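User: I would like to learn how to read a protein structure, one feature at a time. Could we look at it together?

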Amino acid sequence: MPDRPELTQLLPIVRRRPLGRTLTARAVLAACAVAVVSVLVTALIAVPIAVRAVERQARDSLEQQVQVAAKLLRPRLGSGRTGDEERLIRQLRTEEIDAYLIRAGEPDRPGLPPQVVARVAAGKNVNTVRPVGGRPSIVVGQALAQGNGIVLVSPRPTGLRRQVLGIVWLPLLAGLAAGLGAGVLIARRMVRPIRNAATAAARLRAGDRRVRVPVEPPQEAADLAYALNDLAAALATSEGRQREFLLSVSHELRTPLTAIRGYAEALADGVVAAEGAQRAGQTMLAEAEHLDRLVSDLLALARLEAADFPLAPVRIDLAALVRDAAEAWGGRCAAAGVVLRVDVPATGVSAFTDPGRIRQVVDGLLENALRVLPAGAPVVLAAWSAPAGAVLEVRDGGPGLSDDDLAVAFERGALRQRYEGVRKVGSGLGLALAAGLVRRLGGTIEAGHAPEGGARFTVTLPPYEPRTQA
């Protein structure tokens, strides 16, 4: 990338927009919504997991207790109820745990679900949640030998969701606040390059060509900044060229106007004698014609991009057009000592174009060539058919153009600015007008080096394609 000017400070956009319609507000709202949804999803997932964990812990604790009780009572279950059993049962009841002793498949008291009794009597352990006494309970049973066993029943914990929420609400609220804050900061940080770009575009629209946008990540924002900076540089370059062009055109206009005004004042003041009046009139006429050509070129350039620019393309013989142009320019070339040659096939060259406009291109290229050709130098008008279309070429043996000149040959006033004071130059509009006309005619124009030693201008026009009857 070329060196960029120092980044200028971007001013905030003065125009205010309704809240919620700016990208910043929408990004902040989206970030807040994401944070809220994240916290809600976390709560919906975490609370049931925590509740299940508490229940699992209660069941594991009850299972450990039933194992201890089974070890203590294993030797005594075969006999009648003993004092040890009574003490153990009372101790468990202080912990809100009911103990049921099963001897030979029969519980010591009613209340246990039959399925639990049958499973323990069959020698299988139990760890489940079942209603006992009309309330949900954790039921853990340890099977012993000969259909004996012990079953502990503990009320299932209730209100766990409220308890868990009471514990985790503060961390969830802190996470929500952190998420909202981070979302706001990230949203503003991501939108900042776009705000800077919008501010720069507004300043460009206001005419400030020195504005530059800071290049910041992400890559898309950096690409936008580079594009705006390049646009600002291109606008500055284009406007500089326009100013130079206007200066050169104003100078070109002032020259004939000065001559016309000088001779007109002399005639009005009676300074010019009768015998000099004819010469003064001829000079004024020549300068007026020069001025008319310049104004006509300016008007043509201004109208080239208009949708209503008149074009009347038809099938023409480009070779015949070249011969007619050579006949018309033969006298001027002979007067200047320039050798005019024509190189066209005898069979003709078919093209589909506007004959008046393409003749205007040929005349402009010939006039440019005659302006710089020394006496004895050749100028060649050529035409031929090619696969890409009909080709028209104007070559000369003049001083030619450098490679740098070829790159800007069709820019308005570019060559005039380079060679003013070095060799004879025109208004700087001829080549730009010729290029614009060729483009409007659907063709292409190229500048290059001629084998005769000077400049070569090659115009390629669309070929004639006859329409077939449907």
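Analyst: Let us begin with contact, which means heavy atoms within 4.5 Å. This is a predicted model, in which local features need pLDDT of at least 70 and side-chain atom pairs count only at pLDDT 80 or more, while totals for chains, interfaces and linings use all residues. Residues are numbered from 1 along each chain as its sequence is written, and side-chain values use heavy atoms, with hydrogens and water left out.

User: Which residues does Ser154 touch, not counting residues up to four places away in sequence?

Analyst: Ser154 touches Leu62, Glu96, Ile97, Ser137 and Ile138. Ser154 itself lies in strand β5, residues 149-155, where helices (H or I, at least four residues) and strands (E, at least two) are DSSP runs, numbered from the N terminus.

User: Is Ser154 buried or exposed?

Analyst: Buried means under 20% relative accessible area, exposed over 50%, and partly exposed in between, with a 1.4 Å probe and protein chains only. Ser154 has a relative accessible area of 17%, so it is buried. Arg109, in the loop between β2 and α3 (114-121), is partly exposed at 23%, and it touches Arg93, Asp98, Ala99 and Tyr100, again leaving out residues up to four places away in sequence.

User: What order do the strands of the open sheet have?

Analyst: Two strands pair if DSSP finds at least two bridges between them. The open sheet has five strands in the order β2-β1-β5-β4-β3, with antiparallel pairing, and its edge strands are β2 and β3 (126-132), each of which pairs on one side only. Between β1 and β5 the antiparallel pairing runs over five bridges, and Gly149 in β5 is the bridge partner of Ile102.

User: How do the axes of helix α7 and helix α8 cross?

Analyst: Axes are lines fitted to C-alpha atoms, for helices over the stretch in contact, and angles run from 0 to 180 degrees between N-to-C directions. The axes of α7 (residues 318-336) and α8 (residues 355-372) come within 11 Å and cross at roughly 35°. Among the residues that meet there are Leu321, Ala325 and Trp329 in α7, and Ile358, Val362 and Leu366 in α8.

User: Why is helix α11 largely enclosed by the rest of the structure?

Analyst: Helix α11 spans residues 430-440, and eight of its eleven residues are buried, so the rest of the structure largely encloses it. The buried residues include Leu431, Leu433, Leu437 and Val438. After α11 comes Gly442, whose phi is positive, near 85°.

User: How many aromatic pairs are there?

Analyst: Rings of Phe, Tyr and Trp (its six-membered ring) pair if their centres lie within 6.5 Å; planes under 30 degrees apart count as stacked, over 60 as edge-to-face and the rest as tilted. The count by this rule is one aromatic pair. The rings of Phe410 and Phe457 have centres 6.2 Å apart and planes at 70°, so the pair is edge-to-face. The pair links distant parts of the chain, 47 residues apart, with Phe410 in the loop between α9 (403-407) and α10 (414-419) and Phe457 in strand β12 (residues 455-461). Phe410 is partly exposed at 22% relative accessibility, whereas Phe457 is buried at 8%.
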